[in-house]
Amino acid sequence: MKGKIKYRIGKSGGFQLLTVILACSCVLPLIAILVYIIRAGITKINWSFLTNVEKPVGELGGGVIHALVGSMLIIFFASIIAIPIGILCGIFLSENKKSRLAYWCGLSVDILQGVPSIVIGIVAYIWMVKPFGYSAFSGSAALAVMMLPIIIRSTEETLKMLPDSLREAAFALGMPFHRVILKVIVPCGISGILSGVMLSVARIAGETAPLLFTAFGYQYLSTNMTKPMETLPHLIFKYAVTPYKDWQDLAWGASCILLLFVLILNILTKLITRKWKVQL
Amino acid sequence: MATPVNNELLTRPDNTSGRVISSSKLPDEVKGTKRVRRSHRQIRTENVFRRTLIIVGLTMVVLVLGILITLIVQSTPSIKSLGAAYLWGKTWDPVRDIYGALPFLVGTILTSFLALAISIPFSFAVAIFLGEYYPKGWFPDLLKNTVELIAAVPSVIYGFWGLAVLVPIVRSFESSIGVSSIGYGIFSSSLILAVMIIPYAASLGRSMIQMVPSNLKEGAYALGATRWEVIRSVILPYTKSGLFAGVLLSLGRALGETMAVTMVIGNTSFMPKNIFSTGNTMASVIANELPEADKTVYNSALIELGLVLFLVTVVINMIGKRVISRFTN
Amino acid sequence: MESTIVKSVNYNAYFGDNHVVKDVNIDIPRNNVIAVMGPSGCGKTTFLRGINRMHELIPGATAKGKILLNTEDVMEMHPIFVRLKIGMVFQRPNPFPNLSIYDNVIAGYKLNGIKLPKAEKDKIVEHSLTRVALWKEVKDSLTKKGSFLSGGQQQRLCIARAVAMEPEVLLFDEPTSALDPISTSTVEELFHELKKNYTLIIVTHNMQQAARVSDKTAFFYMGELVEYDDTKQMFTNPKDTRTQNYITGRFS
């Protein structure tokens, strides 16, 4: 009897140990990737890397400025499309919990959230590239569609958490609906909305698949949204698979920048939203 | 615009008596006017705002329907000319106009399920670790945030790292066990995918485990159960549908993941012989071939792959969401 | 002679198919404190929320009948006009958590986009806070957030916020049920002050409170207005047996 209990306690302890080991080992690949990318990438980053465009194999001093500018422009335009629509749609969903349109809208957002990025790329390709040719703007549109579900859901969840008494207080002062939402509800939920926006930017900054057949890639610095444009993730993909060391070095440097940008944005999101949270 | 202050608003109490002139006592010509006009403007804006919200809500529905319809319409050339044989054909040879998608279906299923099998022990361990053993403290917080960061790393970076680090390791592993040692292939892709999908099942599992009512657990403890026995016979049965939903969400991610897989799977369009051979998934073949697919049927066959991918992931995600909402209610 | 300010005519309110307020006819005289009491679920809060059209904010809620403010039918007016003229204070203090005390008081102007000169705003804030006996306590911390105050202070801040809009009628939905006894008596004292300038309608399920503060009392039971009379009359000599049962505590 006593032996049995000892065995059971031992088994329990053994399982706990196993859980701890397995759980902690999940962190290892992330650390391995972080360390490897930063070590391989940080040495490649210098002035000419940040100011030049890519050069043919064999020529020294190639850079990624075109991809940096391209990524920023494409993300900027994607945000311009997605942020207002996403926030408004989140408001719509949180304010109309029972309407039939809200049900279908919520379902659509759920579906959109699960759609693989490559499929969104295909659709952007069919809608915008087939008729008008490759363009940075079609890339922005594809990325905007990817941002939408993240912004919508975080806005909706945040606003649903706010107590009804807040809305009532505002309505009782004779405020019209749009002012209740924009002046009271949204400011009180700003931290959640903001975190959704930042996370969505972090998510699309590294997104490559939808850009393969929309923004396409371009070897010179370009700011024309109606023409093909290079982006950091696409540049990494393009040069990672080449056998040339010069080009791979560009890809390592670009990976380092992209990885740091995305991770810092994620961490900042956590910190800022905690700080900005309105105490209810 | 500086709105001039309306008389009515200025009917403040005069300080001597402390009395307020109620607006109903004001002469009629003062009452209303600007304040009323302003309010009328507000009412108009309010209606515009309500309508905008409805339009935006409608837009989302139209967008998703549009995606579905576009994919179906653009796939029709291939559906018409290839029929159901498309899904069973073992040969994919665009030069000879033969389009059989079976190698990609098999490749996708193999990589996804292998990845799932590898990642489940880890993601469940994280879920149990954070949900039951150590729900509070700085280290669990750190672990939780770090695991969430796994999902934040761009997939192209996973792919690049896999190419540079994982493929050589897998190559030497393969030669040590005596299979064709290429390094690229389904096994490498699965390893990368396994890492990438850990956070999905882990974070959902964690929140599900935390929702287990403590009186259930205490009941078992009171009977002299050990911690492991409580986990096995109370927590896991209680949360099994939630854990299942987490696995489904992970699977949805794995099926649609493109870049990392494309970079390490080897991109060959033959039927994979075993888990170490090279291959292609649906997503990776689209990524590789869509920009150069000029023939109508070729192009349409790739889009049909996209349609299949879309439908499969939608179904999996919908089931997952259903299970979650049933569980949480 | 007292003039009527609010008058309801055959007012009915529903939640979906649930008929919660049935054919209420009531005349509310100006500058009085009216207590509305009754057991939980008797429709008293719903009726109160119907007066400034807050009732219909709840999905599925509808109302029929007339509520006259002076001579205008509230049901025909746009809710914005109604709520500017009829202020409301809720059960739980609900100051805007993102605004300072100062901004909370002038929230009705600020958030409605009505621009006032600084001096004007200062005057409104000081006057409104003085009205609710809060000025002395908070005049040095006007820039702090409203949630920094205690529960009773928050509730008085909410009253100040409603008073600042200079409404004609103030509605109170169980304004002291979330407060401690000392805060409660402070708020009750306010009612005597406020009724000089406003008409107060107070929902309460605390009979002692109704007896202490009100001039007239309405007793609701199962959605009906059972009895409506001078408070003294009602508590000493109720006409309806249901009222009598309620007052003597035979049901609650």
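Predicted model: local features only at pLDDT ≥ 70, side-chain atom pairs only at ≥ 80, totals over all residues.
1. The contact between chains A and B. In this model, 65 residues of chain A are in contact with 69 residues of chain B. On the chain A side, helix α1 (residues 2-25) supplies the largest share, with 11 residues. By residue class, the side of chain A that touches chain B holds 49 nonpolar residues, together with 12 polar and four charged ones.

2. The domains of chain A. The domain assignment divides chain A into domain 1 (2-42) and domain 2 (47-276), and the centres of these two domains, taken over C-alpha atoms, are separated by 34 Å. Five residues from domain 1 of chain A and five residues from domain 2 of chain A make up the contact between them. On the domain 1 side, that contact is formed by four nonpolar residues and one polar residue, with no charged residue taking part.

3. The make-up of chain B. The secondary structure of chain B consists of 11 helices and two strands, and from the N terminus on the elements follow the order α-α-β-β-α-α-α-α-α-α-α-α-α. Chain B has 329 residues, of which 44% count as buried. Where contacts in chain B join residues at least 6 apart in sequence, 72% of them link residues at least 24 apart.

4. The largest nonpolar core. This core has 260 residues, and the members that touch the most other members are I236(A), V126(B), V36(C) and I201(C). Helix α6 (residues 186-210) of chain B gives the most to the core, contributing 16 residues. As a general point, nonpolar side chains tend to be buried together in soluble globular proteins. For V126(B), leaving aside residues up to four places away in sequence, the residues touched are A23(A) and C26(A) in chain A, and V147(B), I198(B) and A202(B) in chain B.

5. Helix α8 of chain C. The 14 residues of helix α8 (residues 181-194) of chain C should span 20 Å at 1.5 Å a residue, and the end C-alpha atoms are 20 Å apart, which agrees with that expectation. Within α8(C), the residues V187(C), L190(C), F191(C) and L194(C) are buried. Seen down the helix axis, the buried residues of α8(C) fall within an arc of 110°, and therefore line one face of the helix. The partners against which these buried residues pack are β3 (33-37), α7 (151-164), β7 (169-173), β8 (199-203) and α9 (207-213) of chain C. The face of α8(C) turned away from the buried side carries P181(C), I182(C) and H192(C), which are exposed.

6. Positive phi at D23(C). Although D23(C) is not a glycine, its phi is positive, near 45°, and the residue is placed in strand β2 (residues 18-29) of chain C. With 15 other C-beta atoms within 10 Å, D23(C) is partly exposed.

7. Positive phi at E166(C). Here too phi is positive in a residue other than glycine, with a value near 50° for E166(C), and the residue is found in the loop between α7 and β7 of chain C. E166(C) counts as buried because it has 24 C-beta neighbours inside 10 Å, where 20 or more are required. Both elements that flank this loop, α7 and β7 of chain C, are also among the elements against which the buried residues of α8(C) pack.

Conventions. Residues numbered from 1 in each chain as written. Chains lettered and ligands numbered in written order. Contact = placed C-beta atoms within 7 Å. Helix = DSSP H or I, 4+ residues; strand = E, 2+ residues; numbered from the N terminus. Nonpolar A, V, L, I, M, F, W, Y, C, P; charged D, E, K, R; others polar. Domains from an automatic or database assignment. Expected span 1.5 Å × (residues − 1). Buried ≥ 20, exposed ≤ 12 C-beta atoms within 10 Å, placed from the backbone. Arc of directions from axis to C-beta. Core = buried A, V, L, I, M, F, W, Y, C linked by C-beta atoms within 7 Å.
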